[in-house]
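These are my notebook entries on one protein model. I set down what I looked up, entry by entry.

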Amino acid sequence: MARNAEKAQSMLFRFQEQQAADMGIIDAGRTHRPRNVSSVTSVSQCEKWRSQVVKEISRKVAKLQDPALNDYQLRDLNDEVNKLMKEKFAWEAHLKELGGPNYLRVKTAADREAMMYNGQALPHSKGYKYFGRARELPGVKELFEVQAKQAQKQKEREQERIRRNEVLNMDLDASYYGFGTESDELLKQEQEFERVPPQISQQDARAPFVELKDLVVPSQEEIEKYLVERRKQQLEQQYLD
């Protein structure tokens with residue numbers, strides 16, 4: 001009976017461990033995967049470990065869509081995905097060195113599944129990407145909005161540059177740039193205007209000016225006297241205060 005109970009407990013433990021790994025909570029095979037990729041010299045073993053990393057990335061990226069995760073859990077899970085991305089690149093580079101498939105250029109169906117939610121990087125982030133709901137974290141969302149506005153402005157400037165180049169490359173004659181011959185009708189109007197200038201009435205000519213009547217301008221002595229009196233009043237007020 002004790003032996004059967006031990007076997008049942010062992011099977012239950014393995015089942016729970018595998019279930020947790022499938023949910024992306026823990027990695028059941030992490031302790032078995034070598035940390036130093038260069039220590040593996042077999043192409044088949046490299047393929048095995050790389051495939052395991054890709055599956056972990058796929059699970060964790062899907063987990064990042066969970067609305068129940070708080071900001072701290074999102075940050076931690078996003079950090080784990082970025083670490084796995086670096087490890088995946090290391091296995092792919094080592095596979096190429098061993099003469100195996102070049103996954104750096106050709107992506108498999110599992111790779112496309114892992115990247116079902118494309119990560120986005122911010123400028124000067126040194127390759128660090130945000131996946132899923134991690135892009136909506138406080139402080140991160142605002143930076144992505146600024147990046148989107150800058151990209152839109154850059155796109156508009158590029159479209160304007162293309163439009164100007166299209167205009168310059170058009171087959172335009174000299175009249176488009178104002179170097180063509182003037183029409184006879186326009187020349188006739190200009191000559192008529194020069195011969196008979198427009199009549200401006202006396203009232204219109206005086207309109208911008210204002211006529212001042214009975215304006216008394218003080219003399220220099222009166223101005224000096226006023227300033228002296230004002231200064232005396234200020235001193236008396238200061239003394240009384």
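**Entry 1. A tyrosine**

Is Y130 buried or exposed? I looked up its relative accessible area, which is 15%. Buried means under 20%, so I record Y130 as buried. I note here that the model is predicted.

I then looked for aromatic pairs and found that the count comes to one. The pair is formed by Y128 and Y130, whose ring centres are 5.1 Å apart.

**Entry 2. The chain as a whole**

I next looked up the overall layout. The protein chain has eight helices and two strands. Read from the N terminus, the order of the elements is α-α-α-α-β-β-α-α-α-α. The chain has 241 residues, and 18% of them count as buried. I also looked up the contacts with a separation of 6 or more: 59% of them are between residues 24 or more positions apart.

**Entry 3. Helix 3**

What caps the N-terminal end of helix 3? I found that N70 does so, with a side-chain oxygen 3.2 Å from the backbone nitrogen of Y72. Past the other end, helix 3 is followed by G99, and the phi of G99 is positive, near 90°.

I listed the buried residues of helix 3; among them are L74, L77, V81, L84, W91 and L95. The list also includes N78, N82, E87, K88, E92 and H94.

**Entry 4. N78 and its contacts**

N78 is found in helix 3. I recorded a relative accessible area of 0% for N78, which is therefore buried. Which residues does N78 contact, leaving aside its neighbours within four places in sequence? They are L64, Y128, K129, Y130, F131 and A134.

**Entry 5. The nonpolar core**

I turned to the largest nonpolar core, which has 23 residues. The members that touch the most other members are I57, L64, V81, W91 and Y130. Helix 2, helix 3 and helix 5 each supply at least two residues of this core. Helix 3 gives the largest share, six residues.

I looked up W91 in particular. Not counting residues up to four places away in sequence, W91 touches R33, P34, V37, V40, C46, W49, R50 and V53.

**Entry 6. Salt bridges**

Side chains of opposite charge can pair when their charged atoms come close. How many salt bridges does the structure hold? I found eight, and I looked at several of them.

In one of them, the side chains of K60 and E80 meet at 3.0 Å, N to O. K60 lies in helix 2 (residues 43–63) and E80 in helix 3, so this pair ties together parts that are 20 residues apart in sequence. K60 is buried, with a relative accessible area of 9%, whereas E80, at 34% relative accessibility, counts as partly exposed.

Another salt bridge joins the side chains of K63 and D66, at 3.6 Å, N to O. K63 is partly exposed, with a relative accessible area of 25%. D66 also counts as partly exposed, at 23% relative accessibility.

I then looked up the bridge between R163 and E160, where the distance is 2.7 Å, N to O. These two residues are three residues apart in helix 5 (residues 140–168), and so are separated by about one helical turn. R163 is partly exposed, with a relative accessible area of 42%, and E160 counts as partly exposed at 31% relative accessibility.

Finally, I noted that R33, E56 and E87 are linked in a network of salt bridges. E87 is on my list of buried residues of helix 3, and R33 is one of the residues that W91 touches.

Key:
Residues numbered from 1 in each chain as written. Predicted model: local features only at pLDDT ≥ 70, side-chain atom pairs only at ≥ 80, totals over all residues. Heavy atoms only, no water. Buried < 20%, exposed > 50% of the residue type's maximum accessible area, 1.4 Å probe, protein only. Helix = DSSP H or I, 4+ residues; strand = E, 2+ residues; numbered from the N terminus. Polar contact = N/O pair within 3.5 Å; in protein donor to acceptor, adjacent residues only side chain to side chain. Phe/Tyr/Trp six-rings, centres within 6.5 Å; stacked < 30°, edge-to-face > 60°. Salt bridge = Lys/Arg side-chain N within 4 Å of Asp/Glu carboxyl O. Core = buried A, V, L, I, M, F, W, Y, C linked by side-chain atoms within 4.5 Å. Contact = heavy atoms within 4.5 Å.
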